[in-house]
Amino acid sequence: MAPTIRSAGALAAGALLLTSGCAALSDDSGSSASGSDSEKVQIAAAFYPLEFVAERVAGDLAEVTGLTKPGVEPHDLELSINQTAALQSADVILTEHGFQPAVDAAVEQDVKADVVDVEKVVELRKADEGHADEHAAEDEAHAEEESHAEEEEAHAEEEHDHGEIDPHFWHDPALMAEYAEGVRDALSKADPDNAETYAANAKSLTDDLTEVDEEFKTGLAQCKIKEVVVSHDAFAYLDKYGLEFESIAGLTPDAEPNPAQLAEIGEHAKEHGVTTIFSERLVSTALADTLASDLGLKTAVLDPIEGLSKDTEGEDYLSLMRQNLDALKAANGCQ
């Protein structure tokens, strides 16, 4: 019997080593595949607004893995091994093509999930002409390289196309409601037995989003100042409420303006009686603070809600939208 006992001990030790190895693969960037609840639909959401929609529509019927953790600027996301594994094992993936290159690259690796891409569910607005100017220098550089291979030219055109689309759709609650319908349909396809629950959850979320939409319409209907100067160009979808947004940086937070552009923004703020320069969470406030100091204006935070921060982990999309509404009303003299 001794050999049998030794064999059993060896198997137990091997199992312990295997378990330890799986635990070692886990990190703070996402749950390990071994920790997933296999009974639930597995959802991988690329960044916070999509994660919020997933959690509300799925309720407790799915396990949602948010790829962009609080405190991480979503444009800068680099996927960990576990996050890549979460995408590979997901039943449903929520993403926005062109917003996070690392996620795009991972999704292109033949994932088995149903991918709910924002641009295929809602109609995204084109960036203003000023945003397109952000890419002018890059386009000129590509033009000088006409002798390069055709595939490189095609790639340049693809990048330009992405640059003309404003990805920040979630600042329009009505578009968030449209995306929720796409998530509802994907979950119903993955888990048809609970389709009615997903539909009810999506309806409840739509009701909440409609309420916020109405609050913005009412709250910003009568403002003494119509112009808003913001840190980066993430708020153009809010112009449906009658405000006009001038950004210090471009569509991405690291697209910094030159001194002449800063001076032009300063003149714009003076001309329109702007009282406040808005900075944001997750990125440096240096440019906004400097501009406000030079102009003798106040500063405040307008959250782009691209991701949560350490200060807003206890908030959600709805509460952050309402915080933004209060900030805009205070800065623009809205009644």
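A: There are 12 salt bridges here, where a salt bridge is a side-chain nitrogen of Lys or Arg within 4 Å of a carboxyl oxygen of Asp or Glu. Keep in mind that this is a predicted model, so local features need pLDDT of at least 70 and side-chain atom pairs count only at pLDDT 80 or more, while totals for chains, interfaces and linings use all residues. Residues are numbered from 1 along each chain as its sequence is written, and side-chain values use heavy atoms, leaving out hydrogens and water.

Let's start with Asp208 and Arg56, whose side chains meet in a salt bridge of 2.8 Å, N to O. Asp208 belongs to helix α9 and Arg56 to helix α2, so this pair ties together parts that are 152 residues apart in sequence. (Helices are DSSP runs of H or I with at least four residues, strands are runs of E with at least two, and both are numbered from the N terminus.) Asp208 is partly exposed at 24% relative accessible area, and Arg56 is partly exposed at 24% as well. For those words, buried means under 20% relative accessible area, exposed means over 50%, and partly exposed is in between, using a 1.4 Å probe and protein chains only.

Next come Asp91 and Lys112, which meet at 3.7 Å, N to O. They link distant parts of the chain: Asp91 sits in the loop between α3 (81-89) and β3, and Lys112 in the loop between α4 (101-107) and β4 (114-117), 21 residues apart. Asp91 is partly exposed at 28%, whereas Lys112, at 59%, counts as exposed.

Asp213 and Lys217 also form a salt bridge, at 3.5 Å, N to O. Both are in helix α9, 4 residues apart, which is about one helical turn. Asp213 is buried, at 8% relative accessibility, but Lys217 is partly exposed at 40%. These two belong to a network of salt bridges that links Asp172, Asp213, Glu214, Lys217 and Lys240.

Now for a charge without a partner: Asp191 is buried yet has no salt bridge. Its nearest side chain of opposite charge, Lys40, is 11 Å away (Lys and Arg count as positive, Asp and Glu as negative, and His and the chain ends are not counted). You'll find Asp191 in the loop between α8 (173-190) and α9. Leaving out residues up to four places away in sequence, Asp191 touches Val41 and Tyr198; contact here means heavy atoms within 4.5 Å.

Back to α2, the helix that holds Arg56. Of its 11 residues, 9 are buried, so α2 is largely enclosed by the rest of the structure. Among those buried residues are Tyr48, Leu50, Phe52 and Val57. The buried residues of α2 pack against β1 (41-45), β2 (62-66), β3 (92-95), α8, α9 and α12 (317-332).

In one of them, the rings of Tyr48 and Phe52 have centres 6.3 Å apart and planes at 45 degrees, so the pair is tilted. The rule is that rings of Phe, Tyr and Trp (its six-membered ring) pair if their centres lie within 6.5 Å; planes under 30 degrees apart are stacked, over 60 edge-to-face, and the rest tilted. Tyr48 and Phe52 are both in helix α2 (residues 48-58), 4 residues apart, about one turn. Tyr48 is buried at 7%, and Phe52 is buried at 4%.

Phe216 and Tyr241 make another tilted pair, because their ring centres are 5.1 Å apart and their planes sit at 35 degrees. Phe216 is in helix α9 (residues 195-219) and Tyr241 in the loop between β5 (227-230) and β6 (244-247), so they tie together parts 25 residues apart in sequence. Both Phe216 and Tyr241 are buried. Elsewhere, ring pairs join Phe47, Phe99, Phe169, Trp170 and Tyr179 into a cluster.

Finally, zoom out: the protein chain has 12 helices and 8 strands, and 42% of its 335 residues are buried.
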